[in-house]
Amino acid sequence: MAMNRRKFFLNGWKAGGALLGVAAAKTSWALLQPLKSLASSGKFKLKDAENYKPGTAEYITAARVWVVNPGDGKLLALSQTCPHLGCRVPFCESSGRFECPCHGSTYNIGGEYIKGPAPRGMDRFPIIQENGGAFVDTTKVVRGPNHGSHVYPSDSKGPSCKEA
Ligand code: FES
């Protein structure tokens with residue numbers, strides 16, 4: 001009887017260890033996935049256009065999107081997700097560029113590729129007019145521009161945030 005109880009507890013420990021291993025593997029796999037799966041999907045209302053000053057980028061937390069005014073009178077909605085491996089790309093106020101902290105991909109204010117391992121510029125979302133207001137529609141991803149396609153200026157306006 002004592003042997004059976006000991007065997008029972010031993011098997012219990014083995015089963016618990018196996019479950020912990022599966023849970024750890026699942027958690028590790030989830031952590032290694034790019035942020036793409038975290039993108040919010042839907043339509044998000046923008047402020048009136050005059051609130052987005054030329055040369056600025058504003059983050060919409062609920063949409064996980066950057067709304068930028070590159071200065072040509074047309075707003076852009078850029079995905080926060082780096083097209084390289086999916087890190088979140090912040091806007092650097094001092095350089096006026098998007099600078100990915102993971103592997104150094106850099107984009108101008110229009111999300112166009114400047115340098116680094118990214119395969120293209122930042123993906124974007126359509127801005128649509130509906131019911132008298134402007135909305136960013138994150139249900140439709142538009143692939144970022146290819147390397148070398150530049151509409152917006154790419155010169156840095158100051159020091160990079162990575163050097164700070
Ligand atoms: S994830 Fe942005 S450069 Fe690699």
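## A mostly-strand chain, element by element

From the N terminus on, the protein chain runs α-β-β-β-β-β-β-β-β-β-β-β. That makes one helix and 11 strands, where helices (H or I, at least four residues) and strands (E, at least two) are DSSP runs numbered from the N terminus. Residues are numbered from 1 along each chain as its sequence is written. Keep in mind that this is a predicted model, so local features need pLDDT of at least 70 and side-chain atom pairs count only at pLDDT 80 or more, while totals for chains, interfaces and linings use all residues.

The pLDDT, which is the predictor's confidence in each residue from 0 to 100, averages 86 over the protein chain, and 80% of the residues score at least 70. Residues 31–38 are another matter: their pLDDT is below 50, and beyond near neighbours in sequence this stretch has nine contacts in the model. Where pLDDT is low, the predicted coordinates should not be read in detail. A contact here means that the C-beta atoms of two residues, placed from the backbone, lie within 7 Å.

**Burial and the core**

Of the 164 residues of the protein chain, 26% count as buried. The cut-offs go like this: a residue is buried if 20 or more other C-beta atoms lie within 10 Å of its own, exposed if 12 or fewer, and partly exposed in between, with C-beta atoms placed from the backbone. As for reach along the sequence, take the contacts between residues at least 6 apart: 51% of them join residues at least 24 apart.

The largest nonpolar core has 23 residues, and the members touching the most others are Val65, Trp66, Val67, Val68, Ala77, Leu78 and Val136. β3 (65–69), β4 (76–79) and β5 (91–92) each supply at least two residues of this core, and the largest share, four residues, comes from β3. A nonpolar core, by the way, is a set of buried Ala, Val, Leu, Ile, Met, Phe, Trp, Tyr and Cys residues joined through C-beta atoms within 7 Å.

**β3 and its two partners**

β3 is largely enclosed by the rest of the structure, because five of its five residues are buried. Both of its faces are covered: Val65, Val67 and Asn69 are buried on one side, Trp66 and Val68 on the other. Tryptophan 66, leaving aside neighbours within four places in sequence, is in contact with Ala57, Tyr59, Leu78, Gln80 and Phe91.

Strands count as paired if DSSP finds at least two bridges between them. β3 pairs with β2 (residues 56–60) and, separately, with β4; here are those pairings beside the one between β10 and β11.

| Strand pair | Sense | Bridges | A facing pair |
|---|---|---|---|
| β3 and β4 | antiparallel | four bridges | valine 68 and leucine 76 |

Arginine 64 is partly exposed, with 18 other C-beta atoms within 10 Å. In the hairpin of β3 and β4, with six residues between the strands, the positive phi belongs to glycine 71, near 110 degrees.

**The three-stranded sheet**

Three strands form an open, antiparallel sheet in the order β1-β11-β10. Its edge strands are β1 (43–45) and β10 (127–130), each pairing on one side only. The twist averages 40 degrees from one strand to the next, using axes that are lines fitted to C-alpha atoms (for helices over the stretch in contact) and angles that run from 0 to 180 degrees between N-to-C directions. In the loop between β10 and β11 lies asparagine 131, a residue other than glycine with a positive phi near 50 degrees. Asparagine 131 is exposed, with 6 other C-beta atoms within 10 Å.

**A buried loop cysteine**

Cysteine 100 is in the loop between β6 (97–99) and β7 (106–107), yet cysteine 100 is buried, with 24 other C-beta atoms within 10 Å. Not counting residues up to four places away in sequence, cysteine 100 touches Cys82, His84, Cys87, Val89, Ser105 and Gly116. Glycine 86 is 14 residues away along the chain from cysteine 100, and their C-alpha atoms are separated by 9.7 Å.
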